[in-house]
Amino acid sequence: MRILEVSNFMPPHPGGIEIMVDTLFQGLLRRGHDVRWIAGATPAQPGVSGPHVRVPAWNWLERNLHVPMPVWSASGWRQLDGLIREVDVVHAHDCLYLSSSVTAALCRLHRKPLLVTQHVGEVPYGGALDAVQELAYRTLGRAVLMAATEVVTYSPHVQAYFARLGLRRPLRLIPLGFEPRFQPRSEPERRAARVSFGLPETGPLVLFAARLVPKKGVDLVARVQRRLALEGVRLVVAGDGPLAPEFDGLPGTHHLRQVDHARMHELYACADVLLLPSRGEGLPLTLQEGMLTGLPAVVSTDPSFTANVADAPGVVRVEGVDALVDAVRRMLSSPPPRETVAHWGRERWGLSRFISDYEQTLERLARAG
């Protein structure tokens, strides 16, 4: 097949959507398909590099309001139009992005089948942005999802959110898949991983890996660590963003900034607990990847976590600083076996099945189109 992937950004821009698309993109290439990927260039330079098409984009909203909503240049829209004309099927990501709405219009114009993956539901930005978001989902978002030939997601709570909004079509579930490098490591390998990142070889280590924006619970993590540091607990922060100053001078904290995704399995091996009190998620890749390495987690009661990992071994869902501190303490003092946590994840998130599900869906749409 000739397939076009359309997203807001692509690596090296950090984010779960970028990683998910890249995993699928590479998997489809390995199976012999002609796959192109077009996205805003940030932070790389615009240009075409093999199957990757990076277009110039204005990214003021992400820099100033933490809303990842680039506006492509006119040349980018022309490139998108040309690529859609050439392919058999188009795959766009998330309905509110301008790239997705223009893609939906062009697919209708050129009579091309369109698959949309809806990664998230409601994201709590706060204030007026929340009202704007709901209005956007009820209007532009609904229009894009209804225009798509098919819509899929990987979280039941996203299905439920759009059903509450009155969307008259179901979202089919396709669980995510992950590379085999995400698996438990031996104790010597874990110590070696700590050394490679310049971390203490021994002692309790909590990991917070995320973009440093409000929805990830940055302020909560900092408040939790101020208390845990008094007990000798170290915090490792992997990520960057506008709220990075929250960790400046924070006791017992190692801020690694942005870690290459190719090394994230090593970083999960370093940690004893993942702390992720985020809101408005689809299902964070950080949680899934960490669990596949056997890393237990303390998370919020966000609907994503409730829908997807409520019965998972080694995952505790709580709210508030006191509860987060207590949960981390309990997990550090009595951790579940890493293989138990990893086995639960492997039963749900297989790479081959993930690629096959999307491949079969895209083939069906291409034949029908």
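How many strands form the open sheet that begins with S3 and ends with S10, and in what order do they lie? In this predicted model, 8 strands build that open sheet, and reading across it gives the order S3-S4-S2-S1-S7-S8-S9-S10. The pairing in this sheet is mixed. Its edges are formed by S3 and by strand S10 (172–173), each of which pairs on one side only.

Is Thr 23 buried or exposed? Thr 23 has a relative accessibility of 13%, and because buried means under 20%, Thr 23 counts as buried. Setting aside neighbours within four places in sequence, the contacts of Thr 23 are with Gly 177, Glu 179, Leu 351, Phe 354 and Ile 355.

The relative accessibility of Leu 4 is 0%, so Leu 4 counts as buried. What does Leu 4 touch, if residues up to four places away in sequence are not counted? The list includes Arg 36, Trp 37 and Ile 38, and also Leu 80, Leu 83, Ile 84, Val 87, Val 89, Val 90 and His 91. For Trp 37, the separation can be stated in two ways: Leu 4 and Trp 37 are 33 residues apart in sequence, while their C-alpha atoms are 5.8 Å apart in space.

The model also contains an open sheet of 6 strands, arranged in the order S13-S12-S11-S14-S15-S16. Here the pairing is parallel. Strand S13 (253–257) and strand S16 (315–317) are the edge strands, and each pairs on one side only. On average, and with direction ignored, neighbouring strands of this sheet are turned by 20° against each other. Inside the sheet, strand S14 (residues 273–276) and strand S15 (residues 297–299) run parallel and are connected by 3 bridges. Leu 275 can be found opposite Val 298 in S15.

Which strands does helix H10 touch as it packs on this sheet? Helix H10 (residues 285–292) touches strand S11 (205–209), S14, S15 and S16, and its direction makes about 170° with that of S14. Helix H12 (residues 321–333) lies across S11, S14, S15 and S16, and runs at about 170° to S15.

Finally, some details of the backbone can be picked out. Most residues other than glycine have a negative phi, and most peptide bonds are trans. Against that background, the peptide bond from Pro 11 to Pro 12 is cis, with omega near 20°. Pro 12 sits in the loop between strand S1 (2–9) and H1. Thr 42 and Pro 43 are likewise joined by a cis peptide bond, with omega at about 5°. Pro 43 belongs to the loop between strand S2 (34–40) and strand S3 (47–49).

Positive phi values are found at Asp 94, where phi is near 70°, and at Arg 111, where phi is near 55°. Asp 94 lies in the loop between strand S7 (89–93) and helix H4 (98–110), whereas Arg 111 lies in the loop between H4 and strand S8 (114–117). Asp 94 counts as buried because its relative accessibility is 5%. Arg 111, at 73% relative accessibility, counts as exposed.

Note on methods: Residues numbered from 1 in each chain as written. Predicted model: local features only at pLDDT ≥ 70, side-chain atom pairs only at ≥ 80, totals over all residues. Heavy atoms only, no water. Buried < 20%, exposed > 50% of the residue type's maximum accessible area, 1.4 Å probe, protein only. Contact = heavy atoms within 4.5 Å. Pairing = 2+ DSSP bridges. Helix = DSSP H or I, 4+ residues; strand = E, 2+ residues; numbered from the N terminus. Axes fitted to C-alpha atoms, helices over the stretch in contact; angles between N-to-C directions.
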